[in-house]
Amino acid sequence: MRYRFLLFDLDGTLLPMDKNLFLNGYLDALSARLAAYLPPNEFVRHLLGATYAMIDNTDPRRSNQEVFMEQFFTRTGLPPEEILPNF
């Protein structure tokens with residue numbers, strides 16, 4: 001059977017979830033995948049910094065994606081075309 005969609009219940013409304021356990025596992029896995037580009041602790045610092053900048057954005061003309069991408073790639077100096085497939 002081939003699946004067309006994969007849905008996540010990230011806020012625990014459908015199933016009990018330990019958000020810290022999930023977030024730490026996710027960040028460990030993603031930072032390991034990108035370790036050839038940045039040390040894991042540096043990657044996580046930039047990822048979270050870009051995420052917080054996105055959350056704090058109040059400009060209705062800019063999407064969350066636009067703010068995150070600008071922030072993340074400016075902070076890291078990494079080439080988007082190489083990094084985005086890893087996400």
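User: What covers the buried residues of α1?
Analyst: The cover includes α2. Buried means under 20% relative accessible area, exposed over 50%, and partly exposed in between (1.4 Å probe, protein chains only). Contact means heavy atoms within 4.5 Å. This is a predicted model, where local features need pLDDT of at least 70, side-chain atom pairs count only at pLDDT 80 or more, and totals for chains, interfaces and linings use all residues. Residues are numbered from 1 along each chain as its sequence is written, and side-chain values use heavy atoms, with hydrogens and water left out.

User: Which residues of α1 are buried?
Analyst: Leu27, Leu30 and Ser31. Seen down the helix axis, the buried residues of α1 fall within an arc of 95°, so they line one face. The arc is taken over the directions from the helix axis to the C-beta atoms.

User: And what does the face turned away from the buried side of α1 carry?
Analyst: Leu21, Asp28, Ala32 and Arg33 sit there, and they are exposed.

User: Stepping back, how many helices and strands does the chain have?
Analyst: Four helices and zero strands. From the N terminus on, the order is α-α-α-α. Helices (H or I, at least four residues) and strands (E, at least two) are DSSP runs, numbered from the N terminus.

User: What does the C-alpha trace span?
Analyst: About 35 × 35 × 30 Å along the principal axes of the chain. The chain has 87 residues, and 23% of them are buried.

User: What do the buried residues of α2 pack against?
Analyst: They pack against α1 and α3. The buried residues of α2 are Phe43, Val44, His46, Leu47, Gly49 and Ala50.

User: Which residues of α3 are buried?
Analyst: Val67, Phe68, Phe72, Phe73 and Thr76. The buried residues of α3 pack against α2 and α4 (80–83).

User: What follows α3?
Analyst: Gly77, whose phi is positive, near 70°.

User: New topic. Which residues line the largest pocket?
Analyst: Among them are Phe22, Tyr26 and Leu27, then Leu48, Thr51 and Met54, and also Gln65, Phe68 and Phe87. The elements giving two or more residues to this lining are α1 (19–33), α2 (40–56) and α3 (64–76). On a 1 Å grid over the protein atoms alone, a cavity is a set of points where a 1.4 Å probe fits but cannot get out, and a pocket is an open set with protein on both sides within 12 Å along at least five of seven lines; lining residues have an atom within 4 Å of a point.

User: How many nonpolar, polar and charged residues are in that lining of the largest pocket?
Analyst: Ten nonpolar, two polar and no charged. Ala, Val, Leu, Ile, Met, Phe, Trp, Tyr, Cys and Pro count as nonpolar, Asp, Glu, Lys and Arg as charged, and the others, Gly among them, as polar.
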